[in-house]
Amino acid sequence: MKRFRRHGQESQRDRLKQELFQFNKTVEHGFPHQPSALGYSPSLQLLAIGTRSGAIKLYGAPGVEFMGLHDENAAVTQVHFLPHQVELVTLLDDNSLHMWTLRAHKGLSELLEIGRFTLTGPPGAPPSVTRVTAVLPHSSGELLLLGTEGGHVFIVEVPGFRELEERNISLDQVASSVPDDYIGRRNLEHVEALQENPVNPNQVVIGYGRGLMVVWDLEKQCQLESVWWTEDGGYILSSHSDGSYCRWMVGVDDVNEEEEKSDIPYGHFPCKAIMKIIQLPTEDGPPFLLFSGGMPRASYGDRHCITVIHGKTHVALDFTSRIIDFFVITDGLQQKGDPSALVVLVEEELVVIDLQTEGWPVIQTPYLVPLHSSAITCSHHVSAIPFKLWERISSVGELQNTHYSKKPWPITGGQSLAPDPPQRDLLLTGHEDGTVRFWDASGVCLSPMYKLSTAGVFDTDADPNDNMNQGTEGEWPPFRKVGCFDPYSDDPRLGIQKIHLCKYSGYLTVAGTAGQILVMELNDEAAEQTVEAKVVDLLQGQEGFRWKGHTRLDVREEPVLFPPGFQPFALVQCQPPAVVTALNLHSEWKLVAFGTSHGFGLFDYQQKNNVFVKCTLNPSDQLAMEGPLSRVKSIKKSLRQSFRRIRRSRVSLRKHHVNNAAKLQEANARLEAELAEMELAPVQRKIEARSSDDSFTGLVRTLYFADTFLSDSSHNSPSLWAGTNGGCVFAYMLRLPPVEHRADEPITAHPAKEIQLMHRAPVVGIVVLDGHGAPLPEPLEVAHDLARSPEMQGSHHLLVISEEQFKVFTLPKVSAKMKLKLTAIDGSRVRRVGVAWFGSNRSEDYGESGLVVLTNQGDLHVVSLPSVKLQVQYPCIRKEDVSGIASCVFTKHGQGFYLISPSEFERFSLSTRCLVEPRCLVGAPLHSGPQRRPQTDGISYCHILFAEVLQEIQKSLEGDQT
Amino acid sequence: MNKNHRVPSSRSLSAVEVKSKFGAEFRRFSLDRSKPGRFDEFYGLLQHVHRIPNVELLVGYADVHGDLLPINNDDNYHKAISTASPLLRLFLHRKEEADYTTFGTDSLTRKKNTVLSAVLLRPDANKKKPPVIISLPRDFRPVSSIIDVDILPETHRRVRLYKHGQEKPLGFYIRDGSSVRVTPQGLEKVPGIFISRMVPGGLAESTGLLAVNDEVLEVNGIEVAGKSLDQVTDMMIANSHNLIITVKPANQRNNVVRSGGGGGGGAASGSSGRSSDSGASYYGYSSPGGVGAAASMPTHIIQNFPVGEIESDEEDEDLVIEVGGEAEPIRRTGSNYSMPSLPRYEPHLNLRSATTSTLAMERRSLEEDGTVITL
């Protein structure tokens with residue numbers, strides 16, 4: 001290799017590479033997967049979410065977000081901010097405590113782990129003694145009270161986690177100071193709750209699992225779930241596993257064992273536990289009482305509810321998934337004002353409810369929006385949206401959001417220092433339920449703009465009048481559905497598979513699971529129209545096949561009223577109705593190309609006429625014909641089912657305690673025999689050259705429009721290119737009538753070229769490079785003066801990207817010019833590919849086009865154009881994360897997105913110039929109370945108003961600690 | 001791809017249609033498949049039909065894969081007759097003009113200026129050998145070979161499988177496993193890739209050079225250590241046209257012993273000139289009625305190949321069909337056009353000079369190193 005390196009050029013190239021490429025995972029969009037803990041700092045106005053995978057995420061004002069990951073791969077069970085500090089403590093599943101802080105670094109805040117701690121009990125003590133069940137950060141900011149499973153309360157000094165053994169409240173101490181008749185013979189069980197008296201920080205109530213509350217020793221026999229100290233310090237609320245809650249008057253100096261009030265709100269029949277209870281006063285009115293759970297076990301035991309009671313208003317908010325935690329934000333600096341918003345973390349989304357507006361509407365979240373409200377089936381990114389289209393989309397989107405509260409987002413901590421995004425980018429996600437969601441992907445917050453549903457075009461089983469919100473008057477409990485997570489799809493055929501949006505013309509085409517292709521136009525007014533379907537037979541008379549898959553969707557015959565937004569005006573339905581695997585739209589020529597596993601077609605959406613169809617199906621490919629129920633899968637499935645059957649029979653045998661031991665043994669033997677069989681056959685891979693008889697060779701993988709030299713080198717003409725799974729490229733020359741006759745003269749297409757790649761690997765991308773070696777611009781890009789016209793003087797080149805190699809051919813005579821092999825060298829295969837422009841971070845005017853490639857190993861490559869040479873390579877996704885790799889989508893400027901969980905996109909960047917990442921600062925809160933502050937010279941800690949000063953302080957803090 | 005162009009004859013299967021070409025002249029005649037006769041009778045017949053009674057000829061035929069193979073004895077004559085379906089294409093050349101190198105695997109396609117298509121076979125050389133039974137090794141089509149014996153440790157074996165142009169499947173499976181390596185820290189168990197199964201009748205099995213439980217060390221010069229089973233599978237499939245795998249045979253008793261041994265090399269140190277001296281194997285010539293003795297004893301060819309052959313770009317000769325410039329009416333384009341009435345096949349080859357990518361260059365140079373020493 002060294003032999004061939006021309007030294008000077010290479011080093012210059014290396015320098016250029018550094019100026020052009022760098023890899024960063026920048027921001028995670030969407031809703032965290034499997035959240036497990038919620039925390040809130042009223043002083044910082046920051047929200048913290050811990051997840052089961054050990055991640056901790058902080059959110060403040062839109063754009064302010066931090067992420068940290070615990071080294072331990074254990075679930076975060078509790079998150080607590082230290083009052084009036086920038087530190088927070090997390091408790092993990094493995095009983096370790098972690099201290100995190102927000103530290104300023106180069107003018108930006110960073111989330112850092114600064115300490116970890118695990119309680120050590122006395123030698124020989126059982127682990128339950130130190131198993132932490134409750135955490136109370138004391139308002140002094142110096143102490144942490146840790147209640148444990150053994151009933152002890154440990155006191156730890158923070159930061160630094162120094163155990164203050166002499167101050168520990170041991171179970172014996174409690175037992176000896178409490179009258180015997182409260183203790184009984186039974187154990188007090190674990191510490192369930194710890195709460196500090198809001199008025200007197202020296203008073204702490206310890207709630208034991210069995211129901212005893214100490215320091216004021218009150219007792220109730222049913223299991224305690226939660227306690228709450230009212231704002232004035234005069235009452236304690238306790239909630240219980242039988243769905244009841246009690247209010248206790250706190251005596252001034254003596255024991256008061258009279259319960260003030262006890263209630264089972266949804267009583268009569270047995271109720272589920274009230275998991276958490278909060279009461280907050282209002283300035284001039286009745287207090288707000290909020291509690292989670294407590295539903296009647298038999299009839300509504302499966303609901304996930306939070307009840308809000310304020311005076312005569314009583315609502316049971318019915319959430320879409322399990323409630324993890326909730327808190328209430330109150331007005332005013334000291335958090336003493338009226339409750340303003342209820343923040344609820346449920347398993348699949350975050351819901352914020354405006355408690356000050358009539359009807360308690362939901363406040364739309366600027367971040368943490370569940371991307372997966374219906375499963376994401378595909379995504380499409382469009383960079384640099386023209387302002388006019390942006391405005392139109394956001395205004396039709398606003399019409400859909402009228403039911404949201406008008407109040408601004410109540411969590412406002414920190415400040416985002418990220419510059420305004422240089423351009424407006426859209427991310428479109430297609431979903432299983434037939435919707436397409438438009439997201440503003442310009443900046444750090446991925447916020448929803450507009451939602452388009454395609455289901456209305458079709459007759460599906462779901463009755464549109466089947467309203468989920470049908471709340472009959474006087475129903476008890478008074479349910480109200482909140483949240484948007486709805487993973488249940490009415491008809492899987494509606495699923496969106498491919499999306500293409502032309503940002504200049506506002507034409508959108510989407511294609512789905514049942515071979516449906518919709519062409520849509522943005523209309524600012526509602527319109528009633530009938531959508532006529534054009535059925536296109538892709539088999540072209542191929543005989544001997546039987547489609548065993550799903551049927552075509554039925555199109556509604558009557559006119560449908562479409563709301564303002566994208567409205568369908570043409571519909572193509574493929575026959576057989578297989579999944580659409582490739583889609584392209586050329587808005588200048590007004591053509592849509594679509595492909596399935598059987599062939600491809602070209603549709604003229606101006607004349608609403610199909611131009612031509614090409615069947616690519618190999619006559620011996622039975623699998624492609626049978627539809628989604630392939631034989632391979634069904635074998636796997638049947639194997640799995642037989643396993644389940646055996647296991648089930650085993651379980652049921654055990655369950656019923658059948659004394660027929662022989663039967664059980666027989667089942668066991670059968671299972672073991674099958675397992676042994678499985679182990680005997682090792683995982684092995686067949687080594688065989690691909691042949692034309694392989695399955696799905698006809699599946700169309702990519703479609704591409706180009707105005708290039710197809711027949712001779714002096715006349716360019718419009719063309720359509722298609723690449724198949726079997727390594728075949730078809731080129732069609734298109735003849736478009738002159739503009740004035742566009743509506744009435746037919747478009748003609750005739751085959752011009754057919755290239756069979758000898759290595760037969762699936763063709764995943766086709767690009768035509770102009771005379772300068774630059775990719776041809778998008779349709780209408782030149783017309784809008786946003787790209788220079790392609791160089792038509794020099795010869796054009798055709799770049800065919802297969803899963804295994806990149807190959808450049810000359811045009812019009814297709815002869816191979818150069819190539820880059822990938823699979824033959826390192827065994828990786830191309831999974832995703834896109835063309836991107838990389839600007840240099842040194843000189844404003846220098847940039848290059850390149851191919852961005854994601855392989856099945858999860859590595860990202862940049863390949864130069866037109867010379868097809870590997871430039872850089874970065875590991876990005878774990879190779880086992882198949883769905884993450886499949887979900888990846890690239891932008892035109894070297895960024896990309898992929899799903900790290902069903903609900904979250906990770907954004908990454910390969911460009912030095914284009915980088916969207918959170919840049920934010922959180923100042924230490926102002927507080928006159930006891931504070932831990934190092935004595936640094938010359939800086940006053942009071943009345944700090946400006947971020948700059950805060951930064952200085954934080955820097956000096958840093959300096960002190962290091 | 002060319003097999004699709006063959007249309008089964010509707011004629012009686014007993015007659016073999018023969019199309020014989022000598023110079024610019026064609027002769028057509030037929031033979032009885034069941035009674036082909038002997039080779040020297042056939043040779044006489046050819047001289048007779050071409051009216052060249054005293055010209056010494058080299059006889060070649062195009063087999064089902066489009067390869068040009070010689071006919072110079074009864075066995076390969078019978079083979080040619082029995083496999084002809086339906087047409088037997090013969091190519092005759094004057095013996096004095098003979099170029100022996102044209103025979104062999106893909107001899108019709110290797111020459112850069114010939115056409116890649118069985119339909120339009122246009123060999124520019126065909127030869128006839130005098131009826132000497134033992135012909136030169138180059139008259140045979142290589143199927144597999146052991147290469148780089150001189151640069152590899154004796155415990156390893158580098159095997160080249162020539163898949164191209166054959167109907168036979170490669171025919172083997174690989175699996176994950178672990179092997180023990182000697183490291184400075186002592187013995188260490190490391191993951192490895194092993195051959196797990198041979199398909200009976202497949203290319204891998206028929207060569208006898210690979211066996212179940214052989215550990216795969218390299219694929220086309222790239223080490224597989226650290227690569228997953230799927231990665232190695234993809235590498236092998238990507239190189240399947242010309243697969244070179246380096247294995248550590250499970251059975252270490254059949255290793256090629258470098259000093260002495262074998263055939264005629266003799267010299268203990270020098271490895272040059274040892275090519276193809278320890279025996280030869282070929283498969284596929286054992287017609288049912290034929291002798292087939294050679295095929296039944298698959299011994300190994302030890303060959304050192306010229307560089308150009310190893311970096312074979314045959315696989316890249318993508319087939320390009322230029323569809324005639326004049327358009328069919330649009331209504332008809334929907335119909336199956338993949339068999340155009342008069343397709344023009346354009347061969348195109350990679351320009352191997354400066355345009356080859358660095359990676360390819362790197363690889364070539366590697367391979368160069370592997371063979372240059374031995375030549």
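This is a predicted model: local features need pLDDT of at least 70, side-chain atom pairs count only at pLDDT 80 or more; totals for chains, interfaces and linings use all residues.

Trainee: How many helices and strands does chain A have?

Mentor: Chain A has eleven helices and 65 strands. Of its 962 residues, 56% count as buried. Among its contacts between residues at least 6 apart in sequence, 58% join residues at least 24 apart.

Trainee: And what does chain B hold?

Mentor: Chain B comes to eight helices and 14 strands. Buried residues make up 47% of its 375 residues. For contacts in chain B with a separation of 6 or more, residues 24 or more positions apart account for 65%.

Trainee: What makes A:Phe600 and A:Phe730 an aromatic pair, and why is the pair called tilted?

Mentor: Two rings pair if their centres lie within 6.5 Å. Here the centres are 5.9 Å apart, so the two rings form a pair. Planes under 30 degrees apart would be stacked, and over 60 edge-to-face. The angle here is 45 degrees, so the pair is tilted. The structure holds 28 aromatic pairs over all chains.

Trainee: Which parts of the chain does this pair link?

Mentor: Distant ones. A:Phe600 is in strand 47 and A:Phe730 is in strand 52, both of chain A. The two residues are 130 residues apart.

Trainee: How do you know whether A:Phe600 and A:Phe730 are buried or exposed?

Mentor: Buried means under 20% relative accessible area. A:Phe600 has 0%, so A:Phe600 counts as buried. A:Phe730 has 5%, so A:Phe730 is buried too.

Trainee: Why is the pair of B:Phe39 and B:Tyr43 called tilted?

Mentor: The planes are 35 degrees apart, which lies between the 30 and 60 degree limits, so the label is tilted. The centres are 5.9 Å apart. Both residues are buried.

Trainee: What separates B:Phe39 and B:Tyr43 along the helix?

Mentor: About one helical turn, because they are four residues apart in helix 1 of chain B. An α-helix has 3.6 residues a turn, so residues three or four places apart point the same way.

Trainee: Which residues of helix 1 of chain B are buried, and what covers them?

Mentor: B:Phe39, B:Phe42, B:Tyr43, B:Leu46, B:Gln47 and B:Val49 are buried. Their cover includes strands 1, 2, 3, 4 and 5 and helix 2 of chain B. After helix 1 comes B:Arg51, whose phi is positive, near 55 degrees.

Trainee: What makes you say that A:Arg303 lies over the face of A:Phe479?

Mentor: The charge must be within 6 Å of the ring centre and within 35 degrees of the ring normal. A:Arg303 is at 4.2 Å from the ring centre of A:Phe479 and lies over its face. In chain B, B:Lys19 lies over the face of B:Phe26, at 4.7 Å from the ring centre.

Trainee: Which residues touch the most other members of the largest nonpolar core?

Mentor: A:Trp721, A:Leu798, A:Leu799 and A:Phe806 do, in a core of 37 residues. Several strands of chain A each supply at least two residues, including strand 50, strand 52 and strand 59. Strand 54 of chain A gives the most, with six residues. A second, separate core of 36 residues includes A:Ile274, A:Phe291, A:Val315 and A:Val328.

Trainee: How do you know whether A:Ser239 is buried or exposed, and what does its side chain reach?

Mentor: Its relative accessible area is 0%, and the limit is under 20%, so A:Ser239 is buried. A:Ser239 lies in strand 19 of chain A. Its side chain reaches the backbone oxygen of A:Ile274 at 2.9 Å.

Trainee: Why is A:Leu427 called buried?

Mentor: A:Leu427 is at 0% relative accessibility, so it counts as buried. A:Leu427 is in strand 32 of chain A. Residues touching A:Leu427 include A:His381, A:Trp439 and A:Phe897. The C-alpha atoms of A:Leu427 and A:His381 are separated by 4.5 Å, although these residues are 46 residues apart along the chain.

Trainee: Where do the domains of chain B lie?

Mentor: The domain assignment gives domain 1 at 15-94 and domain 2 at 144-253. Their C-alpha centres lie 40 Å apart.

Key
Residues are numbered from 1 along each chain as its sequence is written. Chains are lettered from A and ligands numbered from 1 in the order in which they are written. Side-chain values use heavy atoms; hydrogens and water are left out. Rings of Phe, Tyr and Trp (its six-membered ring) pair if their centres lie within 6.5 Å; planes under 30 degrees apart count as stacked, over 60 as edge-to-face and the rest as tilted. Buried means under 20% relative accessible area, exposed over 50%, partly exposed in between (1.4 Å probe, protein chains only). A nonpolar core is a set of buried Ala, Val, Leu, Ile, Met, Phe, Trp, Tyr and Cys residues joined through side-chain atoms within 4.5 Å. Domain bounds come from an automatic or database domain assignment. A polar contact is a pair of N or O atoms within 3.5 Å; within protein, one must be able to donate a hydrogen and the other to accept it, and residues adjacent in sequence count only if both atoms are side-chain atoms. Contact means heavy atoms within 4.5 Å.
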